[in-house]
Each structure stands twice: as C-alpha cells, then as structure tokens.
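Hello,

Here is the structure I promised to pass on to you. Have a look at it first, and then read my notes below.

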Amino acid sequence: MLKLEEVKTDVFNDWCPGCGDFGILSALQQAIAELEVPREKIAVFSGIGCSGKTPHFLNVYGIHTLHGRSLPIAAGAKLANKDLTVIAVGGDGDGYGIGAGHFVATGRRNLDLTYVVFNNGVYGLTKGQSAPTLAKGLRTKSMPAPAIVEAVNPIALAICAGFTFVARSYSLSVKHLKATILAAIRHPGTALVDVLQPCPTYNDLHTKEFWAGADTPDKKPRWYDLQQEGFDAVVRDPEDGGEVVRKKTAGVMKSLEGGEREPVGVFFEWKTATYGEQLAARMPLLAEKPLAEADFSGRDLTPLLAELA
Amino acid sequence: MSNQADLVWMIGGPQGSGINLAAETLTRCCMRGGLHVFANIEYHSNIKGEHSYYRLRIAKERRRSHLERVDLLVALDRETLVGDVHKSEVTHRGHLHEMAPGGAILFDSGNGPAPGDPSREDVRMFPVPFRDILLEALRMYGREGEVGKLQIMYNVIGLGASIGLLGYDQDLVTRVIAEGFKGRKAALADLNVAVFRRAAEYAMERFATSYPHRLSVLGGSGGRVMMRGIQAVGMAKILAGCGLQTYYPITPATDESDYLESRQGQFPTAVVQCEDEISAVLMAIGAAHAGVRASTSTSGPGFSLMAEGLGWAGITEAPGPVVILYQRGGPATGLPTRHEQADVRFALHAAHGEFPRIVVAPGDAEECFRTTFEAFNWAERYQCPVTVITDKYTASSYSTIPPFETSGLKIDRGVVFTPPKSGKDGFLRYKFTKNGISPRSRLGDRGGIFWTSGDEHNERGHIVESAENRVKMQTKRMTKLVTAAKEIPEGMMWTLHGPADAEVMVVGWGSTKGPILDAIEELETQGVAASFLQLRLLLPFPGDAVRKVLRKAKTHVMVEGNYGGQVRGLIREMTGVHVRRLVHKFDGRPFSQDEVREGILQQLKSARRPAVMSHA
Ligand SMILES: Cc1ncc(C[n+]2csc(CCOP(=O)(O)OP(=O)(O)O)c2C)c(N)n1
Ligand code: SF4
C-alpha cells in the first residue's frame, strides 16, 4: 500500500471548480495506492479532453495521447510489456465518439487492460457540444439546439463488443468508484468502467444535484447499486457458453432498463482467455518474460535464406 | 551478353489460374541452373477471372529490370493473346503485339485465338491441347473424372511445354516441382510431375525443331537466392529484432506481415491485425515507448490514416515506429495492385506541424534489407518515426541475388537512461541536450517514470504552453535531425553509379534503380556514357553533397514514376539545382529498361517538355 501522497504529482490542476473529474482522479489515486503494484509498473494513458489531463496528476508512467486514440497506444504498451498494469482514461466523446472503432476492437481483443471513461454527456474541452452519451431531445446550455440523434449505450456496446468486465460508477461516489476501478484492474481481460460525471460548466442537466435527486419527492439519488439489489453479473462457469450468453443478455437488459434511477455496479464479468495468453500459446517466449525484455540479437537468417535457394 | 541474348518468358491467364506457381517454379529452376532471373507480375484488383501476367527475364548475368518484348509466351486463355475483347470496353490488347519477331506462343488449343483475331506472321504459334494432356496424366492415376477440378494444373502444363520447347533440364524442374509439394500436399507431387512431363514431351516432339532458342544449365546456383522486396524487408525485421508488427490488410504490404507471422515459431514477432491503420501505427508507437522495436507496413491509403499518429510519435519522441510504405497507384484506391512512386512528398510531410522524422528510399531488395535494418537503429537512436518508402515493383519482383551479408550489421538501441541508484523519481525524459537526444527510459523501468504528451511539454513531459519552453523544446527535437544528418553514413544517403562527369547524369530514387542501371549499361553500348545518381536518404536530405555531385554533371535527366516530378522538386528545393529534363510515368506500371533508355534519349534530343512513358 502506497501513501496517497506518493501517487500524486505537483502539477497544477486546471479543471473547473466542482468538476466531477476530481472525484475520478481521487478514486484513481486511491486505487493505485491500494493496488500493491510498484508505481513504475503502472502506466496510465489518456485521450484528449479535460479528462485527458489525468495522467499528469498521477505519479506513475503517464501517456497523454491523441483524441480518441488512447486505447491502441495502451494496447501496444501492454503487448510490449505484459507486466505493466495498463489503465486508459478519457472522455465520452473520446471513447465512444471519435474512438468508437478502437473501443469495439479493444473489447474484442480482450487484452488485460482497464478503460475508465469520464461520461459527462458533453465535449468539455471544446466547450460543451453534445457527446455521444447525451440522450436524444436533450439540450445542454451551450448547445444551440437539442440533440436529434440517439445516445450510445456504452454498457450494452461494451458487452456486445467483447469487454469481459463492464461496470458503471458515479464520480462523486468515490468509495464505490475506487472499488470498481480496483476490481476492473484486477480483472484479467479488458475492463470498462463508465463513470457518470457532472460537468458543472457545460452540462446543466446532469448536475451533482440531479444525481443526488435533490429535486425528486423522496430525495433519493438518481442511481442505485446493482449489486446491493442482488444483480449477479459474474459468469460462474467460464466454459459454459450458455451461461455467458445469459449473463451478457442480463447485463444488456439491465443497461436498457430506463426509469428514474440509473443502475451502477458490475453489469457483466467473465474470466476467459486474454489476448496475451493466446499470443503466448503461439509465442512461448511471452509466457516467460515481457517482449520488451527479450534479447533478439544474434539471429541467424540461414534457414530463411534457404527457403529461397 | 547483350539484351538480345536474354530470354523473356511470359505466362498470362485469368487470375486464380496459378501463373505465380509456374513463374516462380521457373525462376527457381533457372537459378538452380546458374542463370539469373528478374521476374515481375502485373495483376488486377480482382480475385478470379481478370487478366494477370508474370514476366521472367532470364539471362546469364544479373538483370534488374524487365524489357518490353516477349520472346516466349504461354497463353492460358485467348485474352492473354488479344486482350479483353469480350468486354464492352476493351482495356488492354493482350501480349501478341508485344512479341519479338521470331518469338513463339504456346497456347491452349481449347482457348486460343478466335477467327478474325489479330495475328502475327513473324510469331510462331504452337497449339497445345491442355485438356488432353491433363486427361492423359490423370488417367495414369485413375483420376480422369476430376479433370474439371484439376484444370488448376494448366499452369504446370504451361511450364512443362515451355521447358520441353526450350530443351531445359527436365530432371531439375521435376525436383523443384516435387519440393513444392511437401507435408499435406505431398500426394500431389507425383501427379504434378506427370502432368509436367507429358506437357514437356509434347512440346519437345512437336515444336522444338521449328523453334531455334534453347535454354541450358550453366552450372550451379552459386548459392544465390530468389528474393522479393517483401521478403528482404521481413528478414531485415527479423534480424533487427522487431518484436511487434502491426498491420491492417492492404496490397501489397500484407504479404510482409504474413511472412513474419508464418515464421513466428522460429523467430518470435508478435503480429497483430488491427482494426485500422490508425490503430496499427499507434499500437506500434505504444510498444516503442515500452521498449520494443515495433513496425507497421502499409501502402498509400493506410499511410494516409497514419498521419496523425506520426505526429504524435514525433512530439513524444517515440523510439519508433519503423513504417514501411509500399507505394501503389493513388490517390484514394487509385490503382490498388499497380505501381507508382507518387507518395514521396506525402511521406515527407504527412501530419500537421513540424517534427523530426527520417524518410529513406531503398532501390532494390538488397537495399530494402540493409535500409530496414538500419531504420530500427535510427528510430531508437533519434527517437523518431522512420519511413522506409518503397513500392509494389520492389515488393513483388523477384531477382536472383547472393544471400544477404549480415556480418557488418549491428543493433544500436541508442541512448538508454541509467536508472538512478537511489531509485528516486525526477527523471527528465525530455532533457535538453546539445545533440537533441535525451536518454530514454521504457515504460516499466524502475526510476524512469516519465510523462509524455502530444501537447507541448517540458523536460518532465508535462504540458507547458510557454513560448520560451516551446522554442527550446522544438529546437531540441529538430536538432536530432541535424545530428542524424551528421551521423548517418554518406553511403546510405546517396550513391553515384558511374563517373560524375559522364555525358549524362541520370537522377532517380527507389525502384527506378533497376531499370536505370540496366538502361545506362545499354546506352553505353550505343555510345552514350551515362552515370546514375541514386538518392536514398530523402529526409534529412543531404543537400550540400547532392548539389556538389549534380554540379559536376554535364547534363542531367530525372527519372521518376509519378506525374509531378516530386523528387525533382525536392532536389530543387534542397540544392537549388533544377533538373530540367524529366522522364516520368504514371500509368500504374513500372519503368522498363526500354522506357528509361528511350526516355533519356528523347530528353537528350529535346528538353522542351518531359517525356511521358507508357508502353503498357
Ligand atoms: C482529431 C481531433 N479532432 C478534434 C479535436 C478537438 N477536441 C479536443 S477535446 C474534444 C472533445 C472532448 O470531449 P470528451 O472526449 O467528451 O472529453 P471531456 O473534455 O469532456 O473530458 C475535441 C473534439 C482534437 N483534439 N482532435
Ligand atoms: S468543462 Fe466540464 S469536464 Fe471540463 S473541467 Fe470544466 S467542469 Fe470539468
């Protein structure tokens, strides 16, 4: 267990006061501190957006990439060094919009990495345009007109794409979020944590007060914990194809449930062969050590030249 | 030996008819018999049915390019003779019109010329009953019922008839055919050999007396190998210790990834098929930051998608990737299976902003090998993306060459950081240094924690927008190119073939090397003394040296495979020298020796306008 101070940096944080990103950063710092992994074995990748600045505030390897492109770069690093704990972070525009192709492919690949998406319904850093997660018909304050396209459902998309751990949390419920991120990191395979995040500057619909349910008659939060209500997301027999389908279906159904309150927690979890394990079956070297540690010098091309003689 | 003594053999047929196997078997057989071969293929963007052809130039000495004429043609269908006359719009005229006077055509008597088709008095027409020959051979194995399915062996009949006609060593060919059917396919070896023998006997008996040309074994192979650019690049990657190869399927680059993946057991390289080329280049960059030599291979459309990633590699000073760009006809999908040299300006500039990168253009398979190997060293030494720009002609043409010399090749991983004894933080990944190179740690290294960003950053890698830092950091990055220009040996930057003060200095880059060298040799016999300035390192461009060489020339002629004279323009920009005479070609086909020779002669007569070549 690291001290919280050890996982922070001295870099000035220029997020807006009250931004939900602070909660996610806290949860990430706590999770990293609790992880029992040396700091140099952790690498955090981010896209572009307000959320993209996150790695600069974490005292581990921090790679701030391009808009929508954190996942392939993170995947390359994981392929190069299987001993790295790889975490990618970014906005909902980054992950579900411009990066949607990589999102799907990353799920299919099932490398052992974790993706934390800051879901605030808007494009923060470009001043509040609608993000792919904003529901049709809604209009946040800097939008000239309401959205006329359907929102993406990241939970259902992730389950169908092949993510093997799919969860949601809320940025200001730091304890739940930290626990979810830790579970995601510890999950062997590609994990998604979609984090509901207030953007007080541009999203005047999904505010902290909105999520707290301040305006509802019973003043109960607009989210509830799936697991507390007994939802079982875990595939018990990983080899049982039928159970996998049932659990996926249940997760997708849950994500489509609608209603007054948003479910948070784990929607789907399945321990199955990772990309790395399958690659190691073809390249036994990978079972022994990270690719980056392999010594390829002194190779002899004679057998390859003989093929062409 | 003059070109006239070379034998140009061609096989043409619908795609899917196995002309590759016939042509590559013949290449190997000639090589094993001590002959030299240059073999190139043309095909459509199509899987089955469209016309394709494979051309072998067989000679006693090394040849580096193809000729326009055909001496012996194997026509698996009528289209090979007269073109796609069955289509509403005829797109080519077949190869009858390319035949050398006195040449011969072996054609399938069941799929030969139709009444009224063009014909040539000066070409011998040898009808071969492909179906009957196949049936006879099948009968020996009681498999005549499979004649329909086994028509796929018509290619072997074409090969057999050629060998019989030319009187080449049948036993040698038989051995080579049998070698090709190993493992699961071993049972097919005998049948193929039987078909081959029948066809050879048939042609020998009927036609050999009326055909004077013979092909004979000169000796052993001399240890030579038949090499394509694709394989040369693949081997270089293996020798350089490339740990990760990413790709998205595209002609003609995919073959290289396949090559690496199918040899993964012996030489482990993780080969990952990505969702697109954006991912391919970024995954390789991610791996490079984590300390693995990483590469990706593509052609124009994929390279276009990689642009933003290259910029990110540049600003984050990633020690890679090595990108192999196999040019083909553009823009967009252009001529997807054809040749062009029109991506060079793009390769020099792809992505917004300014950042250091290296662009290098090997001229043939041997240079592909050496250059690709060094590209990994440069990527790590200068911590920047390196693009090796080659093309379809180099990628897919075979030449018979001595095995690669590897003894002088050394892996250089550049300046790697030394972990602090204390294990303390504070590593400056982007430390300002004189030569611009900052020692690098790899993700995962103890004591080496760093940040990096596609945003401008300070020595630690954190975002800083100050003007002062920008100037210092941008200067540091760009200084790496100055360092590279000083350190890269001149021999890898440019080569002058022949004397600087020759009557004509031909200037070119990339795959025009072969046809230019062959053409200037021929020009010599015609009394024109020419030299060849081959440009190899295009960025950083060795401007001073090239200017000096160009100034020594009496006349220069630029030869390149694009519309705009892209490298001609680059030379002018970098040296102030305008190479006025231009021979260019953008018909999707590579330069032949003949086209280069004719183009040079034209330009020497008059440089009023560029010579546009298109024999095809
Ligand atoms: C290729 C490209 N297109 C557009 C942009 C401009 N851009 C920067 S951030 C951003 C959107 C950020 O929104 P989101 O991903 O939701 O992150 P947030 O700022 O809300 O955390 C855009 C479009 C860019 N950087 N790169
Ligand atoms: S714009 Fe929104 S997401 Fe961005 S820092 Fe401000 S509050 Fe946070």
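**What I found**

This is a predicted model. In chain A there are 11 helices and 10 strands. Its radius of gyration is 20 Å, close to the 19 Å that the globule rule gives for 309 residues, so chain A is as compact as a globular protein of that length. Of those 309 residues, 58% are buried. Looking at contacts in chain A between residues at least 6 apart in sequence, 69% join residues at least 24 apart.

Now to the charges. The mean positions of the 32 positive and 35 negative charges of chain A lie 3 Å apart. Over all chains, the structure holds 60 salt bridges.

One of them is formed by Glu307(A) and Arg263(B), with the closest N and O atoms 2.7 Å apart. This pair crosses between chains: Glu307(A) sits in helix H11 of chain A, and Arg263(B) in the loop between helix H8 and strand S9 of chain B. Glu307(A) is partly exposed, at 33% relative accessible area, whereas Arg263(B) is buried, at 17%.

Within chain B, Asp117(B) and Arg78(B) meet in a salt bridge at 2.8 Å, N to O. They are 39 residues apart, with Asp117(B) in the loop between strands S5 and S6 and Arg78(B) in helix H2. Asp117(B) counts as buried at 16% relative accessibility, while Arg78(B) is partly exposed at 28%.

Finally, a network of salt bridges links Arg64(B), Asp364(B), Glu367(B), Lys513(B) and Arg536(B).

Best wishes

Notes: Residues are numbered from 1 along each chain as its sequence is written. Chains are lettered from A and ligands numbered from 1 in the order in which they are written. This is a predicted model: local features need pLDDT of at least 70, side-chain atom pairs count only at pLDDT 80 or more; totals for chains, interfaces and linings use all residues. Side-chain values use heavy atoms; hydrogens and water are left out. Helices (H or I, at least four residues) and strands (E, at least two) are DSSP runs, numbered from the N terminus. The radius of gyration is taken over C-alpha atoms; the globule rule is 2.2 Å times the number of residues to the power 0.38. Buried means under 20% relative accessible area, exposed over 50%, partly exposed in between (1.4 Å probe, protein chains only). Contact means heavy atoms within 4.5 Å. Lys and Arg count as positive and Asp and Glu as negative; His and the chain ends are not counted. The place of a charge is taken as NZ of Lys, CZ of Arg, CG of Asp or CD of Glu. A salt bridge is a side-chain nitrogen of Lys or Arg within 4 Å of a carboxyl oxygen of Asp or Glu.
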